[in-house]
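Hi there,

Here is the structure I promised to pass on to you. Please open it alongside this email and follow along.

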Amino acid sequence: MKPKISDVAKAAGVSPTTVSRVMNKRGYISEETRQKVYDAMKKLNYIPNDLARSLYNKRSNLIGLIVPTTANPFYGELTARIEHFCALAGLKVLLCNSLHNAEKEAHYWEMLRRNQVDGVIVCTYNRGLIDVSEQMPTVAFDHYLSSGIPVISSDNYAGGELAAATLIEAGCKSIVHINGPAELETPANLRRSGYEAVMQRYGLPAMTYEIRSVLSQAEAEAAICTLFDQQPQMDGVFASDDSIALKVIQEARRRNKRVPEDVKVIGYDGTEFVRQHVPELTTIKQPMITMAETAVQILIQQIEQPDKALEKEYVHSIELVRGNSV
C-alpha cells in the first residue's frame, strides 16, 4: 500500500500541513523540521503526487514544445537545448513531434491545454494553430504566429547578406539562393531579402529557387536535381539550411562538379551535429544555445509576470563558420 502524506507526518512527528508546506516550499520551516520530513519521505519511499501539488500551486511545471521533426539536426538540437534550460528552471517538457502536419499540431495543442501546461514553445508554419484568445503563455521560435506572440530568431537579414557577400568575394557570379515558400510568414524569409540586397548592390542577378517542403527528403533531392538542370552555369549556392546545403554538395559531386572549385556552397544553421560531422561545410551559424535560453526565459516571464510588456521579436547575432565548401 502506498504511503500517504499522513504517514510521512506521523513518521516525522509533524502535522500533514507541515509536510505539505515543506513539499511545496511555502512559508517558513526550520531546517531541522524540513530535514525530518525529507528523512521520513525517504524512509517510507514516499513519492509526492505532482498532480495534487500542481492543483495546490496552480502551476503544473510542465512546458509544451511543438516542433516539425526532431529528425532534422536543427530541431533535434533545439529540442535538447530547450529541455536543458527548462530542467534548470525546474520545468518538465512535453515534446510534440508534429511532422509538419497541421491536423496533428492542432491535436497536440488541444492535448497540451487539457494537461494544463504552464506555457508552450512553438515551431510551426501553421498560423491558424494558435487561438490567441486562450491567453496561454506562448513563445514562437523563428515563426510569426500572431501579433501578440513574441518571436525568437537569429538575425536572418544579416545572415543573408553575409552569405551572399562571402560567395561574391570568393569569385561567384551566378549565385542561387534556395529557400522555402515565400508566402510563409517567417523571419527566415529575411535571409532572401538580405541576399537580394547584396546581389543588387554588386549588380548581379538575384536568383531564388523555392523548395515547397524542405522537411521532405525526397522532394528536396528532386528539387535540387531540377535546379542543377535549370541552372547549369551557377557557381554559388546559398541554402537556407544546412541539410539542403549538404544535398546540393551531394548532387554536385554526383554530376562530377567539384566543390568549391566549380560550385561554392554556404548553408545556414551551424548546428553542433553538422559542425562535428561535416566540418567542410561553410555555414551561417545561429547561436542555438542563447536562442533556446531566451525562449525559455521569455516563456517563464510570461507565466510569472503576465502583465509585463514583452518585445515582439528577440533577434540574435549570427556568425560565419568557414569550411572548405567556399
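This is a predicted model: local features need pLDDT of at least 70, side-chain atom pairs count only at pLDDT 80 or more; totals for chains, interfaces and linings use all residues.

Start with the open sheet of six strands, whose order is 7-6-8-9-10-12, with mixed pairing. Strand 7 (207-210) and strand 12 (319-321) are at its edges; each has a single partner strand, so one side of each has no neighbour in the sheet. On average, neighbouring strands here are turned by 20° against each other, direction ignored.

Further in, strand 9 (residues 264-269) and strand 10 (residues 282-285) run parallel and are joined by four bridges. To find your way there, look for Asp269, which stands opposite Lys285 in strand 10.

Next, find helix 9, which lies across strand 6 (175-179) and strand 7 and runs at about 150° to strand 7. The loop between helix 9 (217-230) and strand 8 (236-239) holds Asp235, the residue I'd like you to look at.

Which side chain of opposite charge is nearest to Asp235? That is Lys264, 7.7 Å away. A salt bridge needs the two charged groups within 4 Å, and Asp235 has none, although this residue is buried. Its side chain does have a polar atom 3.1 Å from the backbone nitrogen of Lys173.

Leaving aside neighbours within four places in sequence, Asp235 is in contact with Gly171, Cys172, Lys173, Ser174 and Ile175, and also with Asp262, Val263 and Lys264.

Enjoy exploring, and write back with any questions!

Best wishes

Note on methods
Residues are numbered from 1 along each chain as its sequence is written. Side-chain values use heavy atoms; hydrogens and water are left out. Helices (H or I, at least four residues) and strands (E, at least two) are DSSP runs, numbered from the N terminus. Buried means under 20% relative accessible area, exposed over 50%, partly exposed in between (1.4 Å probe, protein chains only). Lys and Arg count as positive and Asp and Glu as negative; His and the chain ends are not counted. A polar contact is a pair of N or O atoms within 3.5 Å; within protein, one must be able to donate a hydrogen and the other to accept it, and residues adjacent in sequence count only if both atoms are side-chain atoms. Contact means heavy atoms within 4.5 Å. Two strands pair if DSSP finds at least two bridges between them. Axes are lines fitted to C-alpha atoms, for helices over the stretch in contact, and angles run from 0 to 180 degrees between N-to-C directions.
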